[in-house]
Amino acid sequence: MDTITLPAKIKALYQALAFVEKAAQSCGWEGDRAKLELMAEEIFVNIAGYAYGGEEGLIQISCGAEKGMFLMQFRDRGKPFDPLKQPEPDLQSPAGQRPIGGLGVYLTKTCADRVSYQYEDGTNILTVGMYLQKEEHY
């Protein structure tokens, strides 16, 4: 897997997205580019905004292909946070009445083919996988 380490700052977002997009292309991923960017952006922005509580920190992104999937793995040493244990957002209420937050995690879980989280040795590890090739459905 190719890896890049960036400051956990919003200003590094475009560098992160360029890295993910290039890695996806080199792996032969054929999926929806907008969904890929949306997931990578949501994850990066959430880590940059919340993991370190306003302190300096790093985000390590690794991308590659494994077992027919394109994988993006995000690592940070911020506060432990399992996004998969967060409640589903309320999509029925009018937008102005909903609490802020939670949609990025929801979108990632619904757009990806696989999402996993672990906390190991002081590190949050979020792995998102999408099939390399579109499956034929008959």
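E37 is partly exposed, with a relative accessible area of 26% (partly exposed lies between buried, under 20%, and exposed, over 50%, for a 1.4 Å probe and protein chains only). Salt bridges that share partners join E21, R33 and E37 into one network, a salt bridge being a side-chain nitrogen of Lys or Arg within 4 Å of a carboxyl oxygen of Asp or Glu. The model is a predicted one, in which local features need pLDDT of at least 70 and side-chain atom pairs count only at pLDDT 80 or more, whereas totals for chains, interfaces and linings use all residues. Residues are numbered from 1 along each chain as its sequence is written, and side-chain values use heavy atoms, with hydrogens and water left out.

Because R33 and E37 lie 4 residues apart in helix 2, about one helical turn separates them. Helices (H or I, at least four residues) and strands (E, at least two) are taken as DSSP runs and numbered from the N terminus. The side chain of R33 also meets that of E21 in a salt bridge, at 3.1 Å from N to O. This second pair links distant parts of the chain, with R33 in helix 2 and E21 in helix 1, 12 residues apart.

In total, the model contains 3 salt bridges. One of them brings together the side chains of K9 and E56, at 3.1 Å from N to O. The pair likewise links distant parts of the chain: K9 belongs to the loop between strand 1 (2-7) and helix 1 (13-27), and E56 to the loop between helix 2 (33-51) and strand 2 (58-66), 47 residues apart. K9 is partly exposed, with a relative accessible area of 30%, while E56 is exposed, with a relative accessible area of 62%.

The pairing of strands was examined next. Two strands are said to pair if DSSP finds at least two bridges between them. Strand 2 and strand 3 pair in the antiparallel sense over 8 bridges, and R75 in strand 3 is the bridge partner of Q60. The hairpin of strand 2 and strand 3 has 2 residues between the strands, and K67 takes a positive phi near 50° there. Strand 3 is also joined by 8 bridges to strand 5 (residues 123-131), and these strands run antiparallel. M69 stands opposite Y131 in strand 5. Of the 8 residues of strand 3 (residues 69-76), 7 are buried, so this strand is largely enclosed by the rest of the structure.
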